[in-house]
Amino acid sequence: MASNEEPPQPTSLPPYSEMIMAAIEALNEKNGSNKSAISKYMESTYGELPPSHSSLLAAHLVRMKESGELIMVKNNYMRPGPDVPPKRGRGRPPKPKAPLAPGAAPPTPRPRGRPPKPKDPLAAAVAKAASGLPRPRGRPPKKARPAVSSAAPAAAGAASSPAGVKRGRGRPPKGLKYVHLE
């Protein structure tokens, strides 16, 4: 049995919400009826109530107050008047929907989430062609960079390392600093 279900009531008892409304109407107090008065009326009228009557009554009173079936004034519960607007839920009210033209199909809702990235047709074709081939073991080889020709501009040659000497990866050791000579 789930924790939010009510325990089975005897079949002779009406639902708690109906018993609460009947008690408030029968007591007919000007300022509303408090919880203990409603409970005493229910015990005297319906006799045998479940052992968890007080917690069931409290839970139903709270639920009916939140839904707008009852209003609470100074710890007394009463029925809302006919001029009271119905209580709406939390959050922003929904936008009014425009009426559909006759014969028009209802619009399809936008899908949730981020739209997918556009597919590259060339990459898709390469992936499809390579899908049947077994993959070689290990790390794939590095792609070869195009060789720098000797006709490169002088500014680029001055900024880079001397020709033919490959610089290591990462930060150079502390002892080897580059000194700018004037």
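## Salt bridge

A salt bridge is a side-chain nitrogen of Lys or Arg within 4 Å of a carboxyl oxygen of Asp or Glu, and in this predicted model the structure holds one salt bridge. The side chains of Arg 79 and Glu 25 form this contact, at 2.2 Å from N to O. Because Arg 79 lies in the loop between β2 (76-78) and α4 while Glu 25 belongs to helix α1 (residues 16-27), the pair ties together parts that are 54 residues apart in sequence.

Arg 79 is partly exposed, with a relative accessible area of 41%, and Glu 25 is also partly exposed, at 46%; here buried means under 20% relative accessible area, exposed means over 50%, and partly exposed is in between, with a 1.4 Å probe and protein chains only.

## Basis of the model

Residues are numbered from 1 along each chain as its sequence is written, and side-chain values use heavy atoms, with hydrogens and water left out. As this is a predicted model, local features need pLDDT of at least 70 and side-chain atom pairs count only at pLDDT 80 or more, whereas totals for chains, interfaces and linings use all residues.

## Fold and core

The chain has five helices and two strands, which follow the pattern α-α-α-β-β-α-α when read along the sequence; these elements are DSSP runs numbered from the N terminus, with helices (H or I) of at least four residues and strands (E) of at least two. Of the 182 residues of the chain, 13% count as buried.

A nonpolar core is a set of buried Ala, Val, Leu, Ile, Met, Phe, Trp, Tyr and Cys residues joined through side-chain atoms within 4.5 Å. In the largest such core, which has 16 residues, Ile 20, Ile 38, Met 42, Leu 57, Leu 61 and Leu 70 touch the most other members. The elements that give two or more residues to this core are α1, α2 (35-46) and α3 (53-67), and the largest share, six residues, comes from α1.

## Two loop residues

Ser 33, in the loop between α1 and α2, counts as buried at 1% relative accessibility. The C-alpha atoms of Ser 33 and Ala 23 are separated by 8.5 Å, and these residues are 10 residues apart along the chain.

Arg 145, by contrast, is found in the loop between α4 (121-130) and α5 (154-159), and counts as exposed at 78% relative accessibility.
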